[in-house]
Amino acid sequence: MKKMIGLLLTLAMVLALVACGKRDEGGSTETQPAVEQEPAAKEPEEKPTETPEGTAVGSPEDFNWKGTGSVTVYSGSGSDISEDYFAAFTELTGVKVDVVYGGGGELLSRIAAESENPLCDVLIGATSDNLTRYTEYFEPYKLESVTPDVLGLEVLESDYWTDGPGGNVMIMMVNTDLLDEADYPTSWADLTDEKYFGQIAFSDPASSSSAYIHLNCMLQLYGWDFVEKFYQNLDGKMISSSSTVPKVCADGEYAIALTIENYGADYTAAGSNIKVIYPKDGTMRTAGGSVIMKNCKNPQNAKLFCEFMYSKAAAEIDVSYNRRCERTDVELPAGLANFNEIYFFEYDYEMAGDSAPILEKWNEIVINN
């Protein structure tokens, strides 16, 4: 019996040892040596979208020129150049242009009257000297379709209603058949020289915006005494229309004309006896703003149109009409100087904007002389 019990105890111990061995193989909580595994294969990295050198996603090269619907443009520019703008814009974007023509001052007055319910989306052809008095009606914008270097700038500002394509530089035109080169005027200061008595074509500042700017250039640089001497040197003669001023000079009726740059380019391109002179004592430029109206009905198309006015297509249209363009990648019309060759003085727009007392004093000079 004792042998039987001993045998059973021995058998139980053997079975217990076997069971423990099995637990160690599959369910033991003891730390096992780590098994080194092959690293998981990496997912291939997605390469960034390649763009032309110097171009980032969202750059002018990516600008979307396509639109739908229409845009209403008030144009103070001539219908010939305006229609060329509109045709090129519609071809590029698919957006139709509805246009209202008028003088810059007339259109700005209309915009002010319509401000509660704007009928205009964009204004073109008004100059910065006029635009500065109506800023409350404009929506500033920043260009996205062009880089600053193309416009000769370091950065693009967000107020492009004041400084846009077009506009003009105030110049003198000289008839080279009537004056020897040594006798060409080179500054405003020269215009009171008696040798030019009765030989200066000038329009009435009360009716001509360009003549008014010429008057302000002389006034701001030299004062009213100089202006009075200048008027005396006109021999009491003023040309009725500013557009006639360059013509009478080219026709030989006057040796000198005070006019705007694109008229000088017109006659230079025609191969006439005209030389463009930029006054060395300083001149000014009237920038042609492309202006978006606040709360206009077609803001996206308005922005698209303003972008177009800085495009190479628009610049080439400007040059075809002998107008200066903003872009550095389009050649200037013949006879025009680069901006870095022209001296611009600090023209006081605020002073010039208060036209009533200036014109009152001018009329007093006219009456008394």
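**Helices, loops and cysteines in a predicted model**

Trainee: Where is the place of Asn295?
Mentor: This is a predicted model, in which local features need pLDDT of at least 70, side-chain atom pairs count only at pLDDT 80 or more, and totals for chains, interfaces and linings use all residues. Residues are numbered from 1 along each chain as its sequence is written, and side-chain values use heavy atoms, leaving out hydrogens and water. Helices (H or I, at least four residues) and strands (E, at least two) are DSSP runs numbered from the N terminus. Asn295 is in the loop between strand E9 (288–292) and H9.

Trainee: Is Asn295 buried or exposed?
Mentor: Buried means under 20% relative accessible area, exposed over 50%, and partly exposed in between (1.4 Å probe, protein chains only). The relative accessibility of Asn295 is 66%, so the residue counts as exposed.

Trainee: What is the phi of Asp235?
Mentor: Asp235 sits in the loop between H6 and helix H7 (245–250). With 39% relative accessibility, Asp235 counts as partly exposed. Asp235 is a residue other than glycine, yet its phi is positive, near 60°.

Trainee: How many helices and strands does the chain have?
Mentor: Of the 369 residues in the chain, 43% are buried. The secondary structure comes to 12 helices and 9 strands.

Trainee: At what angle do the axes of H5 and H6 cross?
Mentor: Axes are lines fitted to C-alpha atoms, for helices over the stretch in contact, and angles run from 0 to 180 degrees between N-to-C directions. Under 35 degrees counts as roughly parallel, over 145 as roughly antiparallel, 65 to 115 as roughly perpendicular and the rest as oblique. H5 and H6 are therefore oblique to each other. The axes of H5 (residues 209–222) and H6 (residues 224–233) come within 7 Å and cross at roughly 135°.

Trainee: How many nonpolar residues are in the contact of H5 with H6?
Mentor: With contact meaning heavy atoms within 4.5 Å, Leu215, Met218, Leu219 and Tyr222 in H5 meet Trp224, Phe226, Val227 and Phe230 in H6. Ala, Val, Leu, Ile, Met, Phe, Trp, Tyr, Cys and Pro count as nonpolar, Asp, Glu, Lys and Arg as charged, and the others, Gly among them, as polar. The contact of H5 with H6 has no polar and no charged residues, and its nonpolar count is 8.

Trainee: Which residues in H12 does H5 meet?
Mentor: The axes of H5 and helix H12 (residues 355–368) come within 12 Å and cross at roughly 85°. That makes H5 roughly perpendicular to H12. The residues of this contact divide into 6 nonpolar, 2 polar and no charged. Tyr212, Leu215, Asn216 and Leu219 in H5 meet Ser355, Ile358, Leu359 and Trp362.

Trainee: Which helices do the buried residues of H10 pack against?
Mentor: In H10 (residues 312–320), the buried residues are Ala314, Ala315, Ile317, Asp318 and Val319. Just after H10, Asn322 has a positive phi of about 60°. The buried residues of H10 pack against helix H2 (79–93) and helix H9 (299–308).

Trainee: How many disulfides are there?
Mentor: Cys217 is buried, at a relative accessible area of 0%, and Cys325 is buried too, at 5%. A disulfide is counted for a pair of cysteine sulfur atoms within 2.5 Å. By this rule the number of disulfides is 0.
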